[in-house]
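User: Hi! Could you walk me through this model before I start working with it?
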Amino acid sequence: MFTRIFTKEEADALLPELRRVLKEMRQAKAELLLAQSRLPEARGVERRALEEEIRFLMGTLEADARYLASLGVLLKDLDRGLVDFPARVGGEIVFLCWQEGEPEVAHYHPLSGGFAERRPLEEAATLPPKVAHPGETRPGA
């Protein structure tokens, strides 16, 4: 299902790299939006240069998104800096949830949920592990 299952410590260790990549991606996105806004009025050589710049910036964003995927993380929202890490909490596969600006990964949510269903990881320590019932299949089971 996922290429990697993270521990909290592994997710925390990736945060400096995620901050760097997200900053670069937001810069490329801002440059892309500026170039796209100038395109309708551009003519001739200027238009071709803008089109080339747009292709380059789109390629950069796509490459960065592939890089994040290769790390095993899911970029949920570039503007908010929202990233999910597949993990196991209380015997269940969930997403550890981090938003840029937070000093560490401290929240999680169910696979079917999102940011609105975030819960503190400290709450997970008090939850009993889920027990599979006969015939039940769960991700990662």
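This is a predicted model: local features need pLDDT of at least 70, side-chain atom pairs count only at pLDDT 80 or more; totals for chains, interfaces and linings use all residues.

User: Is R80 buried, exposed or partly exposed?
Analyst: R80 counts as partly exposed, because its relative accessibility is 36%.

User: And which residues is R80 in contact with, if I skip its neighbours within four places in sequence?
Analyst: Those are Q99, E100 and F115.

User: Nice. What about E102, where is the place of that one?
Analyst: E102 is in a loop too, the one between strand 3 (92–99) and strand 4 (107–110).

User: Buried or exposed? I mean E102.
Analyst: E102 counts as buried, since its relative accessibility is 16% and the cut-off for buried is under 20%.

User: What does E102 touch, leaving out residues up to four places away in sequence?
Analyst: E102 touches R19, C97, H107 and R118.

User: Let me zoom out. How many helices and strands are in the protein chain?
Analyst: The chain has 3 helices and 5 strands. Going along the sequence, the pattern reads α-α-β-β-β-β-β-α.

User: How much of the chain counts as buried?
Analyst: Of its 141 residues, 33% count as buried.

User: And what about contacts across the sequence, what share joins residues at least 24 apart?
Analyst: That share is 48%, taken among contacts between residues at least 6 apart in sequence.

User: Switching to helices: how do helix 1 and helix 2 pack?
Analyst: Helix 1 (residues 8–38) packs with helix 2 (residues 44–71) at an angle of about 155 degrees, and their axes are 9 Å apart. Helix 1 is therefore roughly antiparallel to helix 2, a label used for angles over 145 degrees.

User: Which hand does the crossing of helix 1 with helix 2 have, left or right?
Analyst: The crossing is left-handed.

User: What kinds of residues make up the contact of helix 1 with helix 2?
Analyst: There are 16 nonpolar, 2 polar and 8 charged residues in the contact of helix 1 with helix 2.

User: What does UniProt list for residues 8–38?
Analyst: An unreviewed UniProt entry lists residues 8–38 as "coiled-coil region". In the model that span is 100% helix and 0% strand, and its end C-alpha atoms lie 44 Å apart.

User: Let's pick some residues there. Where is E31 found, and how open is it?
Analyst: E31 is found in helix 1. With a relative accessible area of 32%, E31 is partly exposed.

User: How far is E31 from I54 in space?
Analyst: The two are 8.5 Å apart, C-alpha to C-alpha, and 23 residues apart in sequence.

User: Now F56. Is F56 buried or exposed?
Analyst: F56, a residue of helix 2, counts as exposed because its relative accessibility is 56%.

User: And what separates the C-alpha atoms of F56 and A28?
Analyst: They are separated by 9.5 Å, while the two residues are 28 apart along the chain.

User: How far is R47 from A35?
Analyst: R47 and A35 are 9.8 Å apart, C-alpha to C-alpha, with a sequence separation of 12 residues.

User: Great, thanks for the tour!

How values were computed. Residues are numbered from 1 along each chain as its sequence is written. Side-chain values use heavy atoms; hydrogens and water are left out. UniProt positions are given in the numbering used here, feature names are shortened, and annotations may be inferred rather than shown by experiment. Helices (H or I, at least four residues) and strands (E, at least two) are DSSP runs, numbered from the N terminus. Axes are lines fitted to C-alpha atoms, for helices over the stretch in contact, and angles run from 0 to 180 degrees between N-to-C directions. Angles under 35 degrees count as roughly parallel, over 145 as roughly antiparallel, 65 to 115 as roughly perpendicular and the rest as oblique. A crossing is left-handed if the near helix is turned anticlockwise from the far one by less than a right angle, and right-handed if clockwise. Ala, Val, Leu, Ile, Met, Phe, Trp, Tyr, Cys and Pro count as nonpolar, Asp, Glu, Lys and Arg as charged, and the others, Gly among them, as polar. Buried means under 20% relative accessible area, exposed over 50%, partly exposed in between (1.4 Å probe, protein chains only). Contact means heavy atoms within 4.5 Å.
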